[in-house]
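Please examine the structure shown here. This briefing sets out selected local features by topic.

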Amino acid sequence: MKYVVIGASAAGINGITAIRGHDKDGEIVLISEDDAIYSRCILHHYLSGERDEKALDFTTENFISENRVNWKRGVRAVQVDCGAKKVFLSGGSSESYDKLLIASGASTFFPPVKGMFNEDKTLAGGIYGLRTFADAKAIKAAAKKASGIAILGAGLIGIDAASGLLQYGKPITIIESCPNMLPSQLDGEAAAPYQKKFAEMGGRQYYGVKAEEITRGGDGTVNGVRLSSGEQIACDMLICCTGVRANTGFLEGSGLKMDAKGLVYNDRGETSESDVYGAGDVSGKNPIWPLAVKEGIVAGGNMAGGEETLDSFFASKSAIVFWGIKTLSLGTHTPAGPGYSTETEKDTGSYKKIIHKDGKIYGAIIQGDVSYAGVLTRLIAEKIDVSRVKKPLFKIDYSDFFALNENFEFTY
Ligand SMILES: Cc1cc2nc3c(=O)[nH]c(=O)nc-3n(C[C@H](O)[C@H](O)[C@H](O)COP(=O)(O)OP(=O)(O)OC[C@H]3O[C@@H](n4cnc5c(N)ncnc54)[C@H](O)[C@@H]3O)c2cc1C
């Protein structure tokens, strides 16, 4: 049996581990545009100098040799022919497969703001994304020489970039169209301590404004950002952290089913074509590391004869730690419509919020003391009816759960 895996990150690497768990002898070919294996989640530690390139690798030391993987690194898959069971590679060669795992992930999305691109559609000089190790290397080199750094987007990646670059001592400005920092995870109250801390460290931040134009100097490189408020931010470096798009370009013409976001596959990782599997950010949905890992394990196991199904996975969970402030954000942080109730509790350095409706909790924020996090995660992920517990929601603990019924629901 010959397995070909496209992508050497969370989904692909865990897919390989799962394949080897079932098939000790099959041939495994790994194809990746990246020429190293690393965790994107800690790229900001490379920016800050806390980790070197080697310390970004999330695999065991001899992962490739121990798993007898033929790794074609720095090579791009340019086309897939599912009928002929072949992957065509940059450089003109091809690789046939019996089973194929597509784990090609996602890339930075650069929004079509005026001035972002040159006439030939390449990015203007001074503009960066933070997705790959190559990006991090380029950012690190440029940041040392920059006189001003602007970050477009105050989501997790934008704040990763900001925190990794703060110690360069350069003026850093965050530009975000939503009303606060980390808007997918935090409400204004929970974002406030992060914003305060960032300001104390010298960061500038603009919320509720859009980048209307990237302004450029005579040499064509970035010299500023004009905001929808009319203000002009001076910068010679702009990092775009405004989302990602699935890497599916090379699948065009393959016959594989896609939707508006990315590759379509089921909870066994099976795509629309036989013997072709998918896992991770290439789906374009819930682009988070733990889900890519789980999907890789499921797809890899099934490719090699296992019987695995992705169990219900609670993707809406973010553990946030920036500048010593800890927050757990679960589900939604703002009522989705009428009929929802909100409970909040605030103390010095601590903030808790629960959003519920008809006995079910739909979201929560816990900041500061996160000891209650385990109970809440369970209540939300399992959609447990809490209306029968006659005590304040923040006081519920495991002792309130008497037993589990056959539907794995807590009974009181
Ligand atoms: C800065 C940053 C911080 C993040 N922080 C967090 C976090 O704190 N928590 C969290 O849950 N998630 C975080 N994420 C998201 C997380 O990193 C992704 O969800 C995860 O990496 C997805 O893994 P993947 O294997 O699906 O794809 P990717 O990690 O995108 O890897 C794709 C692989 O496919 C290869 N590839 C792509 N196209 C081709 C091609 N045509 N041919 C050959 N190879 C190809 C690439 O080289 C790469 O090896 C972060 C992401 C970034 C960028």
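The points below cover a loop serine, the cysteines, a pocket and a loop valine.

The model is predicted, so local features require pLDDT of at least 70 and side-chain atom pairs count only at pLDDT 80 or more, while totals for chains, interfaces and linings use all residues. Residues are numbered from 1 along each chain as its sequence is written, and side-chain values use heavy atoms, with hydrogens and water left out.

**Ser254**

- Ser254 lies in the loop between β17 (244-246) and β18 (276-278); strands (E, at least two residues) and helices (H or I, at least four) are DSSP runs numbered from the N terminus.
- Ser254 counts as buried because its relative accessibility is 9%, buried being under 20% relative accessible area, exposed over 50% and partly exposed in between, with a 1.4 Å probe and protein chains only.
- A polar atom of the Ser254 side chain lies 2.5 Å from the backbone oxygen of Leu251.
- The side chain of Ser254 also reaches the backbone nitrogen of Leu256, at 3.1 Å.
- Apart from neighbours within four places in sequence, Ser254 is in contact (heavy atoms within 4.5 Å) with Val80 and Cys82.

**Cysteines**

- A disulfide is a pair of cysteine sulfur atoms within 2.5 Å, and by this rule the count is zero.
- Cys235 is buried, at 3% relative accessibility; its sulfur is 10 Å from the closest cysteine sulfur, in Cys240, and is therefore too far for a bond.
- Cys241 is likewise buried, with a relative accessible area of 11%; the closest cysteine sulfur to its own is in Cys240, 7.2 Å away, which is too far for a bond.

**Second largest pocket**

- The second largest pocket holds about 370 Å³ of space, the volume being the space filled by probe spheres set on grid points joined across faces, edges and corners.
- Of the 16 residues lining this pocket, Ile37, Asp57, Thr59, Thr60 and Glu61 are the closest to its centre.
- A pocket is an open set of points on a 1 Å grid over the protein atoms alone, where a 1.4 Å probe fits, with protein on both sides within 12 Å along at least five of seven lines; lining residues have an atom within 4 Å of a point.
- α3 (63-66) and β3 (69-73) each supply at least two lining residues, and α3 gives the most, with three.
- By class, the lining has six nonpolar, four polar and six charged residues.

**Val386**

- Val386 lies in the loop between α8 (373-381) and β24 (403-404) and is buried, with a relative accessible area of 5%.
- Val386 and Ile396 are ten residues apart in sequence and 8.9 Å apart in space, C-alpha to C-alpha.

Conventions: A polar contact is a pair of N or O atoms within 3.5 Å; within protein, one must be able to donate a hydrogen and the other to accept it, and residues adjacent in sequence count only if both atoms are side-chain atoms. Ala, Val, Leu, Ile, Met, Phe, Trp, Tyr, Cys and Pro count as nonpolar, Asp, Glu, Lys and Arg as charged, and the others, Gly among them, as polar.
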